[in-house]
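Hi there,

Here is the structure I promised to pass on. Please have a look at it first, and then read my notes below.

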Amino acid sequence: MGKYLLRRLAINVILVAIAASLAYMLAATTMNPRAAYEGRQPPVPEAVIDATLDAYNLNDKTPVLVRYATWAKGVVTGDFGKTWNGGSVNGEMGRRIMVSLRLLLIGTLLGFALGVVLGAVSAVKQYKFSDRLIGVSSFVIMAIPVFVLATLLAIATYNLNRGLGFTLIEYTGEYNPRLSGWDQFVNRLNHLILPTISLSLGSIAFYSRIQRNMMLDVLGQDFVRTAMAKGLRRRTALTKHALRTALIPSATYFAFAFGTMFTGATFTEKIFAWHGMGAWLVDSINQNDVNSVAAVTFFAAVCILFASFLSDLLVAALDPRVRVS
Amino acid sequence: MRSKVVFRRLLRNNQARYGFVALVLLVGLAYVGPFFGAYDWTDKDFLSFLSPPGGDHWWGTTSIGQDMYAVTLRGMQKSIIIGLLVALISTGLAAVVGAFAGYFGGWVDRVLMWGVDLLLVLPSFLVIAIISPRLREGTWLWFVALLAAFSWMITSRVVRSMTLSLREREYVLAAVYMGIPRWKIIFRHIVPNLSSLLIIDATLNVSGAIIGEAALSFFGFGIQPPDVSLGTLIATGSGNATGYPWLFAFPAGLLVALVLSVNLIGDGLRDALDPGSNT
């Protein structure tokens with residue numbers, strides 16, 4: 001087991017290195033950070049631009065491979081370099097990871113929990129009205145892309161607020177910096193409502209469908225009948241025996257979603273103006289910010305590999321058959 | 001024989017029927033609809049900017065006086081073509097790579113699966129976002145190729161594992177002993193036996209690709225102006241959706257309807273081709 005894990009870790013490190021290097025090369029050869037300085041009024045002398053870009057390791061007059069070597073040396077020691085205007089990528093990344101975490105933790109957990117519950121209910125009440133309702137609505141929601149859903153939510157809230165005459169639900173940004181203490185906290189929660197809905201609706205629909213299928217498979221099996229035959233109440237048998245077994249596939253998806261959470265909410269972050277990791281990817285591409293692009297890619301690759309690792313561990317923990325083989 | 005049974009099952013399936021009807025209507029709207037509109041999608045009406053839907057401009061006009069009806073249908077044509085092409089390429093690629101890896105095994109398998117892993121780790125969003133706006137002078141076909149290149153990996157894994165079990169079947173072994181070259185066996189015996197999986201996958205890939213295109217175009221990384229797609233229209237529409245709802249409502253509504261109808265067909269196909277599954 002230990003040997004297997006080590007081998008897997010080594011392969012993952014290589015994959016992350018390749019992904020980040022390719023992203024750096026792609027960004028460094030195609031992006032033009034110089035443009036941000038050339039267009040200034042009054043014009044900046046070229047020598048000054050060169051010196052600035054050299055200091056940030058962004059100068060396109062330096063050969064790509066030399067820049068890459070400098071960058072890679074920094075990354076190995078844990079330094080991701082400078083942003084296009086000289087800020088520290090590390091600092092920016094740390095701040096943005098926290099923003100994404102605050103934004104996404106509740107939505108991800110809520111989406112999973114509600115989805116599993118709705119899916120299980122739907123399976124137990126198969127072909128009844130509630131099952132049909134859950135099925136149809138999850139089908140429709142899964143056909144609505146996040147950016148349409150988020151915009152719809154924003155429009156609805158805008159009209160609601162205007163109808164009421166005051167701001168009941170905030171629809172942009174993370175918090176109001178003028179407030180403090182308890183008010184600030186409540187205001188933050190208020191800002192969370194819309195992004196959380198827009199994030200979790202999709203995953204509720206997704207998990208409820210998986211959970212329904214798995215639950216239906218399990219419900220017909222002998223061990224559930226045995227549990228009821230030995231005198232357990234229906235509810236206990238369903239939750240303790242059926243639901244637990246049927247949770248395995250949803251849990252693996254959840255592990256994956258949890259790992260990719262940080263970079264998965266690009267649209268929600270952009271539309272509701274939160275400055276998290278997902279928004280950074282788009283912003284850094286638009287700002288020709290080579291080092292940030294490479295850093296986001298590095299982070300995303302680490303997250304994906306960590307998530308796939310986590311999902312394997314989780315399956316092994318939940319499913320006795322995997323452990324034996 | 002089997003195709004007849006499947007087809008009958010498909011027709012009896014309500015979901016698939018509604019999906020088909022909706023899709024035919026939508027495709028008809030996209031391709032026949034423009035002939036009924038009074039304006040071409042390149043026309044600009046300088047007398048009405050941002051006018052709401054009405055008798056002259058059925059779906060209103062944009063901020064530069066384009067007829068929303070004509071532009072939206074033009075965008076829908078593009079989205080439909082992109083969806084179909086991406087689905088075909090990506091499912092085809094998944095079938096070929098998966099079947100070769102599974103059938104040949106050994107180093108072919110290892111190299112191909114390593115490539116799959118690498119593509120999964122590579123940030124597809126980033127790669128497409130950086131490359132595609134720089135292909136301005138190139139056609140949108142490059143964009144299709146990029147989208148397809150990043151959407152086949154998971155299916156190819158499934159194909160590979162199914163090929164592993166097909167490889168040992170009697171008819172495949174019989175073909176080997178008859179001296180048929182191995183690449184021919186793959187195309188003649190392995191891939192046809194995976195057809196139900198591939199058909200379902202291709203259908204769902206269509207809706208996936210339509211959403212993917214719209215998502216990238218939403219940030220300006222996909223279809224480039226002056227060409228339009230549902231994604232670019234939604235992007236411009238969502239910016240001022242509160243003041244001028246028709247700019248957002250028509251493209252977004254059609255996008256959702258399109259994806260929904262394709263998904264319904266995909267679901268119905270799965271029921272018809274694979275009665276054992278209850279997904």
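How many of the 325 residues of chain A count as buried? The share is 38%, where buried requires 20 or more other C-beta atoms within 10 Å of a residue's own, exposed means 12 or fewer, and partly exposed lies in between, with C-beta atoms placed from the backbone.

Before you go further, please note that this is a predicted model: local features need pLDDT of at least 70, side-chain atom pairs count only at pLDDT 80 or more, and totals for chains, interfaces and linings use all residues. Residues are numbered from 1 along each chain as its sequence is written, while chains are lettered from A and ligands numbered from 1 in the order in which they are written.

Chain A has 14 helices and zero strands; these are DSSP runs numbered from the N terminus (helices: H or I, at least four residues; strands: E, at least two). The C-alpha trace of chain A spans about 85 × 65 × 35 Å along its principal axes. If you take the contacts in chain A between residues at least 6 apart in sequence, 71% join residues at least 24 apart. Two residues are in contact here if their C-beta atoms, placed from the backbone, lie within 7 Å.

Where they touch, 14 residues of domain 1 of chain A meet 11 residues of domain 2 of chain A. On the domain 1 side, helix 1 of chain A gives the largest share, seven residues. That side divides into 13 nonpolar, one polar and no charged (nonpolar: Ala, Val, Leu, Ile, Met, Phe, Trp, Tyr, Cys and Pro; charged: Asp, Glu, Lys and Arg; polar: the others, Gly among them).

Chains A and B also touch, with 29 residues from chain B and 29 residues from chain A. On the chain B side, helix 12 (245–273) of chain B supplies the largest share, seven residues. The residues on that side are 22 nonpolar, five polar and two charged.

Finally, two backbone details. Most residues other than glycine have a negative phi. Ala273(A), though not a glycine, has a positive phi of about 55°, and sits in the loop between helix 11 (266–271) and helix 12 (277–286) of chain A. Asn288(A) also has a positive phi, near 55°; Asn288(A) counts as partly exposed because it has 18 C-beta neighbours inside 10 Å.

Best wishes
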